[in-house]
Amino acid sequence: MKATINQKEISFEPNQTILEAARANGIFIPTLCEYQSLNHTPGTCRVCLVEVHRPGEGMKNPQYLTSCNTPMTEGSVVLTQTLKIQEMRRFQMEMVMADHNQDCSTCTRQGKCELIDVANAVGLKQVGFHYTQGWENLKPDTGTKPVVYDQSRCIRCYRCIAVCRKIQDIDALETDGWGSTAGVRLKTGVYESSPCVSCGQCAMVCPTGAMSERDQVQRAVDYISDPDIVTVFQTAPAVRVDLGDEFGFLPGSNVEGQIIAALRQIGVDIILDTNFGADLVIMEEGTEVLERLKTKAGPTFTSCCPGWVTYAEKHFPEILPMLSTTRSPQGAMGKMTKTYFAEKRKIDPAKIRIVSVMPCTAKKEEAARLALSEGGVPDIDIVLTVREFARLIRRYGIDLSRLDPSAYDDMLMSEYSGAGAIFGTTGGVMEAAVRTLYYVVNGKELEGIEVSSLRGFENVRSATVDLGGDLGKIRLAICHGLRGTRKLVEAVLSGAEKFDFIEIMSCPGGCVDGGGTPRPKKTYIPFAKKRQEALFTLDRQKKPRQSHNNTQIQALYADFLGKPNSEKAHHLLHTHYKSRKTHNDADIPAAWEELRKQKDR
Amino acid sequence: MNNLIYGVWNDEAYDCRQTATGKEPPRLRGLDDFAHNNKTRAFVADRGFLVFERDTSLIKAFCQYMTQAAKESCGHCTPCRVGTQCLRDMLWQFAEGKADTGILDEIEKMAEQVANTSLCGIGQSSPRALLGALRHFRSEFKPISPAQAIFQHSFIYTTAPCVEACPSKVDVPRYIDGVRDGKFDFALGIVLENYPMVGTCGRVCVRFCESACRRSMAEAPVGIRQIKRFAADQAITRDRLHFSPSPVQHDKRVAVIGAGPAGITCAYRLLLEGFKVDIFDAQQAAGGMASIGIPSYRLPKDVLKKETEDVVRELGGNFYYGKVLGDGLSVDDLLDNGYNAVFLAYGASQGTRFGIKNEYPDLDGYITGVDFLLKVYQCVENAQPYKLSGDVVVVGGGNVAMDCVRSARRLGAKNVHLVYRRTEEDMPADHEEIVAARNEGVIYHFLAAPTGLVVDNNCVKALELVKMKQTERDAKGRRNVEPIEGSLHTMQSDLVIAAIGQQVERNVVKPGDGIELDRYNCIIVNPDTLETTRKGVFAGGDCVLSPQTLVHALGHGERAAVSIADYLLNGKASVKPEYRLQDVLKKNALLKDECLKNSVVSIPRAVSPEIDPEKRSRNFDEVEHDITKEAAYKETERCMRCYRLYSLVTERELAGTLA
């Protein structure tokens with residue numbers, strides 16, 4: 001089918017929108033609420049206006065239509081840059097801004113949002129009127145849940161709802177308010193009884209600062225400034241290939257050395273690496289899996305992803321007995337720092353404050369778990385997402401790109417193997433585990449080291465690996481993203497699928513694309529494969545490449561823990577889970593109350 | 001009367017300010033006699049405005065209209081959310097003399113943007129009349145005078161084609177929003193404002209809303225019933241829906257006669273208001289025709305029970321089963337025994353007979369549709385044995401006939417025939433029902449009418465039929481049917497079922513009750529208040545309307561409850577202005593002749609999963625199932641929210657009630 005856009009004849013498919021047809025032909029139309037990666041066209045911002053002339057009407061009857069949800073029709077003449085259209089788009093953006101909280105200085109996006117981009121694209125020069133009724137009276141969210149919503153920044157694109165439904169199949173969000181106070185909220189209104197697992201995908205797709213991590217940068221600064229406190233930083237496997245985005249590095253650049261240099265410059269007392277914790281997890285979890293394999297106890301699910309653990313607790317508590325009891329690398333690091341490390345270095349553990357830098361929002365919730373604390377003192381004091389970490393670095397006037405890389409100098413908990421390094425990508429935990437399992441079963445290293453059958457990017461993958469010895473072939477499954485996870489868990493519970501060991505990461509792409517990583521604009525996880533490749537490269541450069549060959553890990557067991565799954569290791573490095581499933585009656589009086597509010601504003 | 005001074009209607013300006021215009025002005029019925037002793041000054045709608053009184057303040061009418069539009073704006077799309085507020089504020093500024101005429105240009109620019117670029121009907125339609133006024137009658141925009149400030153009021157009613165088509169006036173777009181937005185309980189709550197039988201309606205409603213849906217001009221109407229059922233089932237089939245008695249309690253008692261959809265809805269609404277309600281019914285279970293008349297393969301009885309008996313009991317209502325009005329129970333008894341009001345909703349449960357030769361009472365092998373369905377009900381629900389074999393012939397073309405043929409299949413009949421005097425296209429039954437029955441093996445015989453029964457030894461052996469043909473179209477384009485001479489033939493049958501309609505039973509209301517009936521035994525009521533000719537006695541549902549649909553009964557139940565509450569609290573049932581406005585919209589077909597202005601991206605209508613005909617046609621398990629959550633979300637995207645605002649501008653305030 002044929003039509004013209006800006007005098008250019010184009011062909012298009014039936015039911016294709018004007019926006020799709022324009023994009024297919026390299027013609028730019030400014031868009032705001034639309035999100036192509038999710039096929040999400042809510043049609044709410046009304047900015048993507050074009051002038052359309054239908055065939056047979058000459059140029060006398062122009063229609064001004066939104067290109068995102070109007071189908072292209074045969075013989076139409078579309079104009080995208082007439083003066084009238086430009087004026088209408090500017091007017092529309094003026095209205096978008098009219099009830100938007102434009103105090104960019106206090107926004108987590110700090111002006112680097114899609115809204116500003118579109119305002120620039122349409123040439124907005126002034127906002128002549130303001131409508132703020134409602135949101136200016138909202139109290140700031142002072143709760144504890146990792147993701148916070150600021151209604152005053154919301155532009156009602158509902159991408160957050162879309163990603164939660166379409167990508168994660170969690171469906172934890174619903175609309176809230178009416179008119180000027182329209183926005184979103186958690187279902188049930190309360191985190192604990194809502195389906196939310198804090199994966200943070202809503203923040204990743206938000207075009208503004210409406211959905212964000214709970215900002216804890218100031219607390220980290222407070223620790224660093226306090227001379228009585230020993231501040232310990234640990235950075236997760238993925239952080240080194242994520243953070244560079246915030247400072248102009250090419251996507252997937254490994255900035256581990258710059259992170260260490262920056263933390264030294266900031267004045268952090270002790271710099272550790274969560275990758276060490278990842279190696280430790282492999283020792284514990286691997287031993288646990290072997291035991292379960294030997295006793296034919298059924299499948300084991302990994303437990304390092306906090307979004308997944310919360311998901312299992314809230315949505316499939318019947319699967320909890322199959323979760324590995326090993327703490328996550330973050331949790332293991334916290335406990336080892338406040339016990340082993342403090343003991344060896346002769347530091348009073350009460351003075352230690354551990355700051356984790358994670359690519360993840362759910363890690364904030366994990367750190368707050370009662371099971372990861374001792375006598376009311378949490379093992380991890382605060383968790384910063386990569387985005388907060390970048391803000392922290394800027395607080396100290398540091399430009400990461402101008403720093404010379406530095407290296408770890410801690411002799412206890414900073415060495416890591418290639419296996420620990422790949423924890424940050426989908427399949428990495430599984431591959432790390434297989435390397436060690438193979439060694440334990442056969443007494444020799446796996447030939448070739450890398451397990452290519454576990455690598456890839458499909459959301460759900462499975463493979464059979466021959467461990468040799470008594471165990472022989474075992475069935476493995478890997479899943480990233482919770483939509484696939486639901487299917488996989490259901491298949492395991494129904495017996496339709498049989499696996500021995502299953503790795504789950506809640507964020508599509510795994511930790512390297514976690515909900516706490518720098519926010520890309522307009523596209524969903526565009527750098528996933530580059531970051532994954534960067535971790536594989538790091539693995540190849542590393543010596544050793546297996547967790548059990550990490551000399552600091554060997555020293556930890558020799559000097560402190562004994563052997564994997566020893567009583568001491570079990571006490572310090574394992575945790576437990578509980579069902580958090582809730583049954584909510586339909587609250588019809590609340591529905592009626594909301595209806596009254598809508599009608600009697 | 002309708003003395004038009006000036007106005008714009010369907011983009012056409014009419015100016016009779018100096019002399020009568022040459023053009024015939026639009027005449028809307030029901031406007032000038034809208035309220036007694038209260039002049040109608042103007043009418044503002046989506047398609048224009050009409051001014052009937054010279055000193056009407058145009059600006060005030062639009063101020064109030066846009067104020068309401070801004071309230072109705074859900075806030076999702078930018079131009080409506082911000083623009084309607086902007087328009088409201090600029091209009092008031094001018095009206096109060098705080099801005100000069102220059103602001104009218106800004107208002108026009110904003111109104112154009114809102115009308116041209118809004119996402120749904122609220123934003124698209126609400127500035128249209130204003131734009132017409134600014135283009136054609138700008139000189140009439142003047143600040144409000146002191147007199148106009150006092151003697152001018154607007155009653156504004158927001159509705160949509162689907163809402164107006166529904167006898168119960170359910171706010172359809174709003175509950176579709178609820179599902180779209182992931183607020184299933186909110187969606188359910190919207191419908192529960194009207195009636196309790198949401199899951200029932202979501203399964204068996206005849207869907208006037210879908211017939212009126214403007215999306216049918218694109219692909220097909222929105223699957224409104226599927227969406228409603230989905231929202232209901234999220235709570236009802238998961239045992240998440242419970243009620244507790246109202247915190248406010250009145251000491252007034254109401255007796256409801258009939259536990260059908262009208263009676264249950266009336267009781268539900270009165271119980272929510274805190275009145276004491278007792279329900280009397282001839283059967284042993286609640287639901288009325290929805291229970292007996294609708295087989296469980298279409299409406300599982302546990303769903304029905306939860307939405308009728310359980311809800312009423314949870315709210316504190318009582319049931320007295322096996323009680324028959326006119327047979328040991330009378331209206332006098334009730335009013336003498338402490339009931340302050342009575343609602344009669346005993347339905348129309350007597351099957352209509354053919355009136356053909358050899359149609360004697362108590363024949364073996366002959367039964368009316370409702371009596372047959374009662375037997376089916378007793379068999380399926382109460383394990384009373386009832387088996388069929390051989391040939392069953394059902395005569396009729398409505399949903400009851402469909403229920404009969406499909407039930408007959410399920411009870412073991414070898415061949416099931418459906419005989420209908422007109423063509424398939426003329427059948428009043430739901431199209432889906434016709435298809436489903438055909439898939440289950442029912443054999444159709446169109447253009448055939450019964451003329452007699454072939455009886456042997458008091459037992460029906462065959463049905464005598466005559467073939468029919470369609471006549472030429474009459475003036476209104478309708479085609480009737482007439483018998484073809486010499487086409488008599490017989491159809492062998494072991495059971496003949498007359499499913500050609502029902503009637504209101506005689507002798508329920510007695511002459512001494514003081515309640516007037518019409519010649520069809522239907523109770524005569526005030527259509528606005530549903531009051532009968534006896535004070536304190538109200539009536540609704542099939543016993544007033546003669547056999548109508550479930551949703552008509554639900555609507556009557558609700559209206560009766562409003563009237564009864566009014567009567568009990570204020571001594572008098574008054575008419576709501578929205579009822580009158582609904583009549584105006586209907587009389588003038590104001591929501592009908594609309595086309596789609598803009599083309600829409602095509603999204604196919606959702607299809608409800610069904611059990612395979614092979615598996616379903618020998619049992620009474622539910623055939624149709626819920627659409628998935630993903631399908632429900634997708635389906636809600638098809639709704640275009642065709643809301644419009646209608647404003648009746650009067651001299652004195654209308655809101656509240658009418659005499």
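Predicted model: local features only at pLDDT ≥ 70, side-chain atom pairs only at ≥ 80, totals over all residues.
I'll start with the two chains. In this model, 36 residues of chain B are in contact with 46 residues of chain A. On the chain B side, three helices each supply at least two residues: H2 (78-95), H3 (102-117) and H9 (184-192). Which of them gives the most to the side of chain B that touches chain A? That is H2(B), with 7 residues. By class, this side of chain B has 14 nonpolar, 15 polar and 7 charged residues.

Next, the domains of chain B. The assignment gives four of them. Domain 1 covers 6-160 and 643-650, domain 2 covers 163-241 and 597-636, domain 3 covers 253-348 and 504-586, and domain 4 covers 351-499. I'll look at one pair, domains 2 and 3 of chain B. Their C-alpha centres are 26 Å apart. The contact involves 24 residues of domain 2 of chain B and 29 residues of domain 3 of chain B. On the domain 2 side, helix H10 (residues 198-204) of chain B has the largest share, 6 residues. That side of domain 2 is made up of 13 nonpolar, 5 polar and 6 charged residues.

Now the sheets. Chain B has an open sheet of 5 strands in the order S8-S7-S6-S9-S21, and the pairing is parallel.

S4(B) pairs antiparallel with S1 (residues 6-9) of chain B, over 4 bridges. Here B:Leu50 has B:Gly7 opposite. S4(B) also pairs antiparallel with S3 (residues 40-45) of chain B, again with 4 bridges. In this second pairing, B:Val51 is the bridge partner of B:Ala42. S3(B) and S4(B) form a hairpin, with 2 residues joining them.

In general, the side chains of a regular strand alternate between the two faces of the sheet. For S4(B), both faces are covered. B:Gly48 and B:Leu50 are buried on one side, and B:Phe49 and B:Val51 are buried on the other.

The largest nonpolar core has 379 residues. The residues with the most contacts inside this core are A:Cys160, B:Phe343, B:Val394, B:Ile497 and B:Ile564. Helix H21 (residues 550-570) of chain B contributes the largest share of the core, 10 residues. What does B:Ile564 touch, leaving out residues up to four places away in sequence? The list is B:Val254, B:Leu270, B:Ala341, B:Phe343 and B:Phe538.

I'll move to chain A and stay with a buried residue. A:Pro306 is in helix H10 (residues 306-315) of chain A. A:Pro306 counts as buried because 28 other C-beta atoms lie within 10 Å, and the cut-off for buried is 20 or more. A:Lys363 is 57 residues away from A:Pro306 in sequence, but the C-alpha to C-alpha distance is 6.0 Å. Leaving out residues up to four places away in sequence, A:Pro306 touches A:Lys363 and others, including A:Ser328, A:Cys360 and A:Glu366.

Last, some backbone geometry. The peptide bond from A:Lys543 to A:Pro544 is cis, with omega near -5 degrees. A:Pro544 sits in the loop between helices H17 (528-541) and H18 (551-561) of chain A.

A:Gln7 is in the loop between strands S1 (2-5) and S2 (8-11) of chain A. B:Asn507 is in the loop between S20 (502-503) and S21 of chain B. Are these residues buried or exposed? A:Gln7 is exposed, with 7 other C-beta atoms within 10 Å. B:Asn507 has 10 C-beta neighbours inside 10 Å and also counts as exposed, the cut-off being 12 or fewer.

Definitions and conventions:
Residues numbered from 1 in each chain as written. Chains lettered and ligands numbered in written order. Pairing = 2+ DSSP bridges. Domains from an automatic or database assignment. Contact = placed C-beta atoms within 7 Å. Nonpolar A, V, L, I, M, F, W, Y, C, P; charged D, E, K, R; others polar. Core = buried A, V, L, I, M, F, W, Y, C linked by C-beta atoms within 7 Å.
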